[in-house]
Structures are given as C-alpha cells and as structure tokens.
Amino acid sequence: MAYDKFKVLRSTAVPMPIENVDTDQIIPARFLKATERKGFGDNLFRDWRYNSDGSPKADFVLNNPTYSGKILVGGKNFGSGSSREHAAWAVYDYGFRCVISSFFADIFRGNCLNVGVLPVQVSASFLNKIFTEIEKNADAEFEVNLPEQTVTILATGDQEKFDINGYKKDNMLNGFDDIDYLSNMKSEIEEFASGLPF
Amino acid sequence: MAKTLFDKVWDSHVVRSLEDGPDVLFIDRHMVHEVTSPVAFRGIKARRSGVIFPDRTFATADHNTPTKNQHLPVEDPLSANQLKALEANAREYGISHWGLGHEKNGIVHVVGPEYGITLPGATIVCGDSHTSTHGAFGAIAFGIGTSEVEMVLATQCIMQPKPKKMRINIKGELTFGVTPKDVALYIISKLTTSGATGHFVEYAGQVFENMTMEGRMTVCNLSIEMGARGGMIAPDEKTFDYIRGREFTPKGADWDKAMLYWETLKTDADAVFDEEYNFEASDIEPMITYGTNPGMGIGISRSIPHAEEVAGGVSTYRKSLGYMDFNEGEAMIGKPVDYVFIGSCTNGRIEDFRAFASIVKGRKKADNVVAWLVPGSHKVERAIKEEGLLDILEEAGFELREPGCSACLAMNDDKVPAGKYAVSTSNRNFEGRQGPGSRTLLASPYSAAAAAVTGRVTDPRELLKEDAVLA
Ligand code: SF4
C-alpha cells in the first residue's frame, strides 16, 4: 500500500504518558471487520476516546483541543499485543506520521514501518524531556529528521539520534514497500524453494 | 561456528541478506484467516502479482465466527462479509480453505498442528501474533501484519532483521496441579510483557522435555506476551511421533529426507545466547492474573502486590488495578467470578478439556457463572464427544459450543459485559479484550474449572486433592 514519503517532520505532539499501550487499545478487535483499509482513524483508541454511547470522553488526550500534531508520544512498550496492522493504519489514518517512545513492541514497530508511520525510539530520559516540554507548552514543536536520524526539541535545541536500518530508511524516504523489492527476486525465490526439504 | 536451534532454522531460510537491512526470509507455511487477509488480497489484486505458491498457504475461518448455530447464515453482516471474502479469495487463488462448518475448521494455530501443516524446522507465519504456538515443533513461527501477509502471498518471503536469541531454562519437575499455562504465566510475570522484545526464545530443560506436545504449544503460544517474536522447543521423538502420518506431513522418501534435516535441529553445546534465564520448576504455582497485561500474574494463593513492589510506573499500575476494581494487597482467592471461558489457541485443545472435565466431574456449575466452553477445532470437538467428556460436562451443567476464537478476542457475540469478571484460559487480559469494559483473569484450565464450579477464584489444587482422596 502506497504511503507518503517521509523526510523531515516538524510538528507539535500529542502526549500519552502511559506504559504498555497495547494494540487492543489502539484499535479494539470489534473494529477489525472491514475488508478494506478505510476509516480506521475514526476508531483509533476507541474505548479510551469515547463513552459507550458514542460521546467523547473529555479527559482523553485526543479529545483535548490543547493538543494536536502529527507526532504521538507514548510511554514505554508502545504497541504490545496483537499483530493487527490495523493499529498502525489507525495511527496513520488519524493523521500521525510518527510515534515516539522509549520502547516499541516488535510487530507494531515493523507494521508501522510498512505503512508509513515512523517509529522513533529514544532514551527514557529524552522521552521525559519531551513529555516535560509538552507539559510546559502544548504548542512546543519537535523536528523528526529522517535523513539525519535525529529528533529535536526545537524550543531547547535538545537533540537525540535514533536508529533505523538503511534499507527501511530508504523505503520511508521514497515511499517504497517491501513488495516492490521482493517482486524483483522472483526467479531467485523459486530456485531457493526448489532446494528445500519440504 | 556453534549455532542455536533458532540459527539453524533461520539461516537455512535466508534467500538473501541485505547489508544494513533485513534478511529476505523464505516462508514454508502460511496460515490465513478472514480478519487480517482481505486487505492483503486486495493488494495482490491491485498489483496483479498473483500468489506464488498457493499450496504453501492454508485458509481457515476462526476470528469472527459464531460459536452457535454455525450451520445457519452468519447474522453479523460485516463478519459474513469477511468470511465470504476469504472463501472467494481462496477459490480465486487456489488456496485450500476450511471455512465455517468444514470438518477441518478451527482456530489457525490449532488446525495447523492437527493436520501436519506445522513441521519441525519450518518457517511459519500468520497474521495473528499467537503464531508462536507452532514453535512447539521446533519451527520458527511468528505473527505478521497485513502488509506482510500480502508479501508472503505474492513472494513467499518477508523481510525482517534477524532477532536476538534468548534461552529460558527450567529445571526440575512441576509440582501437583501446575500446568504448562502456569509455567508460561510464571515466566511472563518474571520477564514482564516487554522482557523478551527483540528476541526469539528457546525453551529448554527438563520441564519442557517432559511436557506433552500440547503443553509445549501452550507455552510457545504465550511467548509473544513477554514481547518475544516467538518461542521454540527442539524437536524430539515426541515431536516426530506427533506429526507422523498427518495429512500434510511428508511421507515415505520425503519423510526420510526431511528427517535428515530435523535431526540436526538442536542447539550446539557451545552456542551462545544474547540472554539466558534460569528458573526452578518447584517455584511455580498455579498462576492467575490480576491486572490488564499478562505480566501481571501471581501464584493463585497470593495477594495482589503493592505498587512499590512492582517494576515499572506506579501510575500505570494503579490505572490497571483501577480498571479491574482491585486493591493492592487483596487476596485473589475468593474473588467472585461471573464468566468462565475455556478455549482459544492457548488452551482449546483436547488435553485442556480433559483437565477441565476432570475437575467439574461429579460437581455442578455454579449458578452465578456463565460458562463458555469453546473447542479449538472440530477435531477437538469430536474428541470431546468420543472420549465421553461431553457427558461429564453436560452432567455438570455445562454446554459445549462450536469452534472458533470466540471470547479470546470477542469479535463475535461472545463478549463479557462491562464490569464483569471472567476467568479465562485465553492469552490476553487487556482492557476490553473480551468485550468493552470486561475484566479478565487469565489462568489454566484447572483454575477455570475450579472457578466455574465454585463461582469464585479457587485454588484448583484443593479440588484436585479432594478428588484424589475420594478416588
Ligand atoms: S484464539 Fe485468540 S490468539 Fe488464538 S488465533 Fe484466535 S484470536 Fe488469535
């Protein structure tokens, strides 16, 4: 699925200082019934965001007009649980292009990279600085620079490097996905398969 | 260089290694179900790529299916739509499809082993995180996202960096009433839900050697709950006996050829792991969870820890207990239970129903409990009937439902109502996992049975002991 290229993102951020945010919270299972990738952003964090009668919960951060932006900042172990890519779709469809945390669950991180959401893992202390900055000023801007692999708190100039492997970085910069790459390997794959024991 | 079991299987499936990038990993077996595949098939269609090896993909309907009246049309139009899409996609691309009502239908991770799709030394993926179940056979098995489902359909490969390696050793023998589920919940409580992130786990030691194949499946199933990509156990005679003669298991000369490979599947003596943990079997009790992630588990006879005693953030911990309406320091024993669920790819196999039946036998379901007994597959359902377990269950006031994922993720009608407590043999106690507002206590089939007949959290060892005295 094509997604927008990612180069440098400057944005305010939405804070969610909760640990172990699991994919069942990001998108509850009952919203996985679609056969198309459409409308998942509406149900992002559904049960934290809305009461059972559909009215918004005032105390949830996405319903708080003070906070907005294309960056979601989460607590440690963000995205644990189910492999549902719908979670990454929901994050993307809602309008986030980047999630910052001090630790990501593996499958969620991989899914994000495959759908155009950049997972940025920073140190626990840098994560705290980001939360502190947002708390001080909800309009504080951050810069996520993929070519340089840096994230910067613009108000203070504090900066940290983040890791991403060269291949995935290229994909994100160009909006490519793995199938584009694998499709060119067809005969190599067929030959490989013929040598396997089963 | 000395290799681990994991290295041997992984390395033999690398088609190409990218510098500063992932490996291109060949996938032997791919399982698909109705929920995470439709968008992948749409992608295949849009790219006109086709399915490269249709006989390496197997489709079954499970996540979204009703567990009653499966012979009738599915009422929920969205679920029906997904089931129809799966059937149509499977037909279009020549993929075997075990839809609703098919005699081989069941939960992906239950039917895979039942029909010999799951093999030692294989790479197995599915768009469901508990694909780790198949690691019980010495396979590398893990959950993938929908983009990857599309990749596997189109190219039979995925692109991932090689994970790090962890070994978990448990010495000694399990004590009375302790099951593989308790072993897994114990490990997760020690490592936390993120303790094995980035790693593939090998389970080693006497406890796992002694375990049945089904027990090993339960343990490997829960690997993902400590963040691991997957877990595996070296294949042995038990493994080979289990797979021999099953429908999709290699036969004759193919078996002999496969055996040459399978016999190499052991971690070399001097192989090195990135991380290693050692536990004693005698420290493990029947476990139960009290919070909203599977790492929040304790021995069933203990009380809920105080926030200061646990690793991690105090506010996250208190939020979790608040959701459960539990207090720090409270005992778990005696807490009232409204629902009991036995089923899922964690504990929905025949041994689990035998364990459940052994406790409810001669007792009666508690009046305050609604019980959902959901076999993992039709094969399990048939075994329940043939072994006479159904009579025991019905005698005790229980009713058996039809197979599917059911209340494990509550996509169908099997939803625990808001605020209600469920003792569940499934794998996740996340907020709302079993229905919006539901409160889940994860436990073994024994503990589920004990709760079902007493109506509250009960140490299953007491009932097992009573039975032993009577017998
Ligand atoms: S039973 Fe639960 S964990 Fe297993 S495949 Fe179904 S939804 Fe996934």
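**Close-up views of the predicted model**

View 1. By type, the shell holds five nonpolar, five polar and two charged residues. Three histidines are among them: His63(B), His109(B) and His130(B). The ligand takes up the space of the largest cavity.

**View 2. Domain 1 and domain 2 of chain B meet.** Chain B divides into domain 1 (5-275) and domain 2 (303-470). Their C-alpha centres are 25 Å apart. In the contact, domain 1 of chain B supplies 41 residues, and domain 2 of chain B supplies 38 residues.

**View 3. The largest nonpolar core counts 121 residues.** Its residues with the most contacts inside the core include Phe45(A), Ile100(A) and Leu118(A) from chain A, and Val340(B), Phe356(B) and Phe398(B) from chain B. At least three residues of this core come from each of domain 1 (5-275) and domain 2 (303-470) of chain B. A separate core has 77 residues, including Tyr93(B), Ile168(B), Ile170(B) and Val201(B). In soluble globular proteins, nonpolar side chains tend to be buried together.

**View 4. Val144(A) and its contacts.** Val144(A) is one of the residues with the most contacts inside the largest nonpolar core. Beyond its neighbours within four places in sequence, Val144(A) touches Phe6(A), Lys7(A), Val8(A) and Leu9(A), among others. Further contacts include Ile71(A), Cys98(A), Ile100(A), Leu118(A) and Phe162(A).

Conventions: Residues numbered from 1 in each chain as written. Chains lettered and ligands numbered in written order. Predicted model: local features only at pLDDT ≥ 70, side-chain atom pairs only at ≥ 80, totals over all residues. Heavy atoms only, no water. Near = heavy atom within 4 Å. 1 Å grid on protein atoms, 1.4 Å probe; cavity = no way out; pocket = protein on both sides within 12 Å on 5 of 7 lines; lining within 4 Å. Sits in = over half its atoms within 2 Å of the grid points. Nonpolar A, V, L, I, M, F, W, Y, C, P; charged D, E, K, R; others polar. Core = buried A, V, L, I, M, F, W, Y, C linked by side-chain atoms within 4.5 Å. Buried < 20%, exposed > 50% of the residue type's maximum accessible area, 1.4 Å probe, protein only. Domains from an automatic or database assignment. Contact = heavy atoms within 4.5 Å.
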